[in-house]
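Subject: Structure for you to look at

Hello,

Here is the structure I said I would pass on. Please open it alongside this note.

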Amino acid sequence: MLFLQFFLNGLLIGGLYALLALGIVLIYKATHVFNFALGEMLAVGAFLLYTFMFFAGLPAWIAIPLTIVSAMMLGLCVERVGLRPLLGQPILASIMATLSISLILRGITLFVWGSPTVSLQEKIMPTKAMRMGDLFLSNELIWTFVVSTVLFIFLLLFFRFTKTGLFMRATAEGHDVAQAAGINVERIFALTWGIAAVVAAAGGIMLGNRFGIGITTLPMMGIKAFPVVLLGGLESIPGAIIGGLMIGVLESLVSGFADPQLAEISPYIVLLLVLLIRPEGLFGLKRIERI
Amino acid sequence: MAIIRTRKHWVLTILALAVLFSLPLFLSGRVLHFINLVGITMIAAQGLNLLTGCAGQISLGQSAFMAVGAYSSALLCVHCGFPFWLALPSSALISGLVGVVVGTPSLRIKGFYLAMATLAAQMIIPWLVINVRTDLTGGSNALLVPAPVLFGFTFSSQQSLFYLIIPLTCLTLFLVRNLMRSRIGRAFIAVRDNDLAAEMMGISLLKYKLLAFFLSSVYAGLAGCLWAHWMRAISPDQFNILESIWFLGMIIVGGMGSVVGVAFATVFIKFFDIVITLFSPSLTSFMSPQLAQDMAAGLGPFVFGFIILVFLILEPRGLAHRWDIAKAYFRLWPFKY
């Protein structure tokens, strides 16, 4: 029974990890840039909602769309300022670019919102635990899981059935080919960053709702998405889901049955094992190199 | 081509060294503190320069290797009673061996994936310090380190530490510069440019990739050991991931694979850092203390991230390229070209 309890908790948290991983996978698929700034984008998204709700005093149903729009703007800005001038540069340039963007966002967050961890005074999700037989499930986590699932389905439908989604899938297949077919690849890159920033903001809001909003806590949660992405495979959206659930369950089980301290580090041990045994992850593409 | 070629170079080098080593006679302790900090940082940055700039293996774990050096030296001195002259090379060696272990995945993976593997090391090593044998390491609390003693002389002031740290920094610069023009350095560059082609031409990837990791971590361990005996108190949060990003940033700002450029970049970035810590209180003095503290904490990452981004976009070849331009200007003067 205890096992089932930890397993379900892990599964629910894993849904959130999968959403965070999606923020990285989307960008990597389209632009071949790994978004190291994810953690700071989470924090900025959560702080934006906090500002709209408690400084501007707006109700949640206005504040959340406003947050989505501003997160989209943030994503577009990041792409235009930091990544577009570096198109076609070696891999270290793109890694350093997203790292320096994460530093800049961290600086801005400290300027504007300061270092203390705040919490939403008025929770946007129900907080009580739900009881099912002998199992206790946090309502918050169930809601988080539901919202993540809805976002996932929405994005999958978007990629499947809209023209822009088709363009994005084409761009992921090959930049040159997409360009030759008349797709404005730079615009698709910008759009991808925008969508990923919205996904990150959604993840940040839900994490912030549960763990508090702060520049120290949220980026640490963001880093946890890296092992998830590599386990699932860098280019794979289903991989992000399965990887997220696996890491969530693993963390929860280790923390329940072995040692909470060990749970903190277990995703990185998995990351090392994945890199040693199967670097492309569960569902990633294996790259064959020629001189 | 030798590093020091003409009589003029010799005269200039000896003059520069004479000026450098007479600095403690008329500089205050705070300035010397800054110079020592730059010296230690420069050793670790040059190590990373060998690995990332020269051999092309991206590492996000340089400060974790510094932690290995710092903690092994401190533990050897405190618990095993090692004298400083023995603890220094042994801690560098231990760090080098850890570097080889962390570098092993580089035989299978490269580029971004390798960066992730070193990131995992960067997360795991401080965790080990915090959670394993906390009776020895002090866990997340500070571990006190004795002052270094050589030949019965105790290096306790910034003046005396200057004469310990700066010669080692100069030696590092000389060794790294020398290595780059040797067979090993050429092999590193071949591996960086295309590792498959390098292997076809008879360069053993196993040997040279692991050698690059070993040397880089040896320098990081040396820097960590000096850091421990210079700070006199070490804790795991001094060696976090941000520090590793700073080292990578120094290499970008300096210019990949250039010893002079990275040396300039270390001074440049540490100088910015010190200016920000000195002047942000006066900039924010009119605000409430908490707000002023947050502003000061935010200014550092903001400025630093901005500098890296500007260099990436506008001058990817770094300060080394600017230095070459300046040298060419003076050589050709009064002609333009």
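Predicted model: local features only at pLDDT ≥ 70, side-chain atom pairs only at ≥ 80, totals over all residues.

Contact between chains A and B. Chain B puts 39 residues into the contact and chain A puts in 34 residues. On chain B, the helices that each supply at least two residues to the side touching chain A are α5 (112–131), α9 (195–200), α11 (241–254) and α13 (289–314). The biggest contributor to that side is α13(B), with 16 residues. By type, the residues on the side of chain B that touches chain A are 31 nonpolar, six polar and two charged.

Helix α4 of chain B. This helix covers residues 84–103, 20 residues in total. From first C-alpha to last it reaches 28 Å, close to the 28 Å expected at 1.5 Å a residue. Its buried residues include Ala87(B), Leu88(B), Ser91(B), Gly96(B), Val98(B) and Val102(B). Among the elements covering the buried residues of α4(B) are α3 (62–79), α5 and α10 (205–231) of chain B.

Nonpolar core. The largest one has 186 residues. Those with the most contacts inside it are Ala21(A), Ala46(A), Val229(A) and Leu271(A), together with Met116(B) and Ala223(B). Helix α8 of chain A, residues 185–211, gives the most to this core, with 16 residues. What does Ala223(B) touch, leaving aside its neighbours within four places in sequence? Ala223(B) is in contact with Ile40(B), Ile43(B), Ala44(B), Met66(B) and Gly69(B).

Regards

Key. Residues numbered from 1 in each chain as written. Chains lettered and ligands numbered in written order. Contact = placed C-beta atoms within 7 Å. Helix = DSSP H or I, 4+ residues; strand = E, 2+ residues; numbered from the N terminus. Nonpolar A, V, L, I, M, F, W, Y, C, P; charged D, E, K, R; others polar. Expected span 1.5 Å × (residues − 1). Buried ≥ 20, exposed ≤ 12 C-beta atoms within 10 Å, placed from the backbone. Core = buried A, V, L, I, M, F, W, Y, C linked by C-beta atoms within 7 Å.
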